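Grab a pencil and keep the model open next to you. Each exercise comes with a solution you can follow step by step.

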Amino acid sequence: MTEAARTPMDPADETAIAASGSSDLFSKFDPLIAERQALLDTGVRDPFGLVMEKVHSPTLATIKGKETILLGTYNYMGMTFDPDVVAAGKKALDEFGSGTTGSRVLNGTYQGHRECEEALKEYYGTRYAMVFSTGYQANLGLMSTIAGKEDYIILDADSHASIYDGCALGNAQIVRFRHNSVEDLEKRLRRLPAEGGRLVVLEGVYSMLGDIAPLKELVAVAKAAGAMIVVDEAHGMGFFGKNGRGVFEEAGVADDVDFVVGTFSKSVGTVGGFIVSNHPKFEVMRLVCRPYVFTASLPPSVVATAATSIRKLMHASDKREHVWKNSKRLHQGLRQLGFNLATPEAQSAIIAVLLPDQDTTVRMWQALLEAGVYVNMARPPATPSGMYLLRCSLCADHSDEQVGQILDMFAAAAKATGCLN
């Protein structure tokens, strides 16, 4: 039994809680605790407690003493070990120290933060850019700030948790439409009263299934209804569009989108988030956006690596082509093996392998890990109710040989678990 499989609560702690006579606010989680323990008692590893002992490259790590191919890291463009990116971080660490210890609106804006925002403006061709400490906070900040209680946020039902949480933090009225349904978006917008502003929230790539939004059609409907539009390109930045800006660029709707939200933790290869915009009043966000005003800013070394990576991504057409080559090959190979995939063809760098239940999914995940490849396991509530999957994300640094090895490992794991029978 692994360390992660130990009983979640020590018996002495349970006795102390019972003796205190006070209500246990954790009791609401008891069904989940029991479900997790029952799973771990079967002898499987904890899919959500994995530790990487050493990371060798964007595609290789040591896990439990075994060299493992990384196929679940969102490191789409392989920038985490780029020599120029690493050197920029080291230089900033030496020159500016380990952190800012302050908010962007107080002492937390260094020269590197401005340089990072300049790199974003150049990359996206926008007048304004605003860097947040995480991508989560970028969505949290925009959704909670831009729409007030008389306004409406209309969002795809499969929107990321950070979008939903931003809506919850604010006080706008929330309207959901069916995932990627142009018709349902149009219907929902048509039913709204004439009063109040409208913000339509879309994502270029949806991270669970790897499917892309029909942005051209969705944006046209939103604009016809007089709505402002935000597109989250967390999983599209780097390899969609002529300049790698995202699905919105490839769809040809850049002039109609009011805000683009993104993250540094995917293609850029570090941590942080951002919003870019051409709206002439956008800079007021620095004064009114609570997740920006009341959070310590990113360390100088992080914004230095981000700025360097973003500038290199402007000239990364070869990497973009290789990501797509890898994704298409893996998708086709998995289908030929007999796996049920979430999309009929490779729509992004994410390939989701659908499995019938949690037990099968966990056993398949562990068999793959033991064979030497790491993927993400996903289950509700991260996925729609009743959906279990293994999520693969391709990297520009995955070699042809590694993609072939991955397919062999999936075939071996399927045989060992009987999941294709």
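This is a predicted model: local features need pLDDT of at least 70, side-chain atom pairs count only at pLDDT 80 or more; totals for chains, interfaces and linings use all residues.

Residues are numbered from 1 along each chain as its sequence is written, and side-chain values use heavy atoms, with hydrogens and water left out.

**Exercise 1. Classify the ring pairs Y74 with Y76 and Y124 with F274.**

Step 1: Rings of Phe, Tyr and Trp (its six-membered ring) pair if their centres lie within 6.5 Å; planes under 30 degrees apart are stacked, over 60 edge-to-face, and the rest tilted. By this rule the count comes to 15 aromatic pairs.

Step 2: Now Y124 and F274. Here the centres are 5.6 Å apart and the planes at 45 degrees, so this pair is tilted. It links distant parts of the chain: Y124 is in helix α4 (residues 111-124) and F274 in strand β10 (residues 273-277), 150 residues apart. (Helices, H or I with at least four residues, and strands, E with at least two, are DSSP runs numbered from the N terminus.)

Step 3: Check burial. Buried means under 20% relative accessible area, exposed over 50% and partly exposed in between (1.4 Å probe, protein chains only). Y74 is buried at 13%, Y76 is buried at 0%, Y124 is buried at 5%, and F274 is buried at 0%.

**Exercise 2. Work out where the buried residues of helix α6 lie.**

Step 1: List them. In α6 (residues 161-169), S162, I163, G166 and C167 are buried.

Step 2: Look down the axis. These residues fall within an arc of 140 degrees, so they line one face of the helix. The arc is taken from the directions from the helix axis to the C-beta atoms.

Step 3: Find their neighbours. The buried residues of α6 pack against α5 (135-146), β5 (152-156), β6 (173-177), β7 (198-203) and β8 (228-232), where contact means heavy atoms within 4.5 Å.

**Exercise 3. Describe the lining of the largest cavity.**

Step 1: Name some residues. The lining includes R104, H113, F132 and Y292; a cavity is a set of points on a 1 Å grid over the protein atoms alone where a 1.4 Å probe fits but cannot get out, and lining residues have an atom within 4 Å of a point.

Step 2: Spot the elements. Those giving two or more residues to this lining are β4 (128-132) and α11 (290-293).

Definitions and conventions
On a 1 Å grid over the protein atoms alone, a cavity is a set of points where a 1.4 Å probe fits but cannot get out, and a pocket is an open set with protein on both sides within 12 Å along at least five of seven lines; lining residues have an atom within 4 Å of a point.
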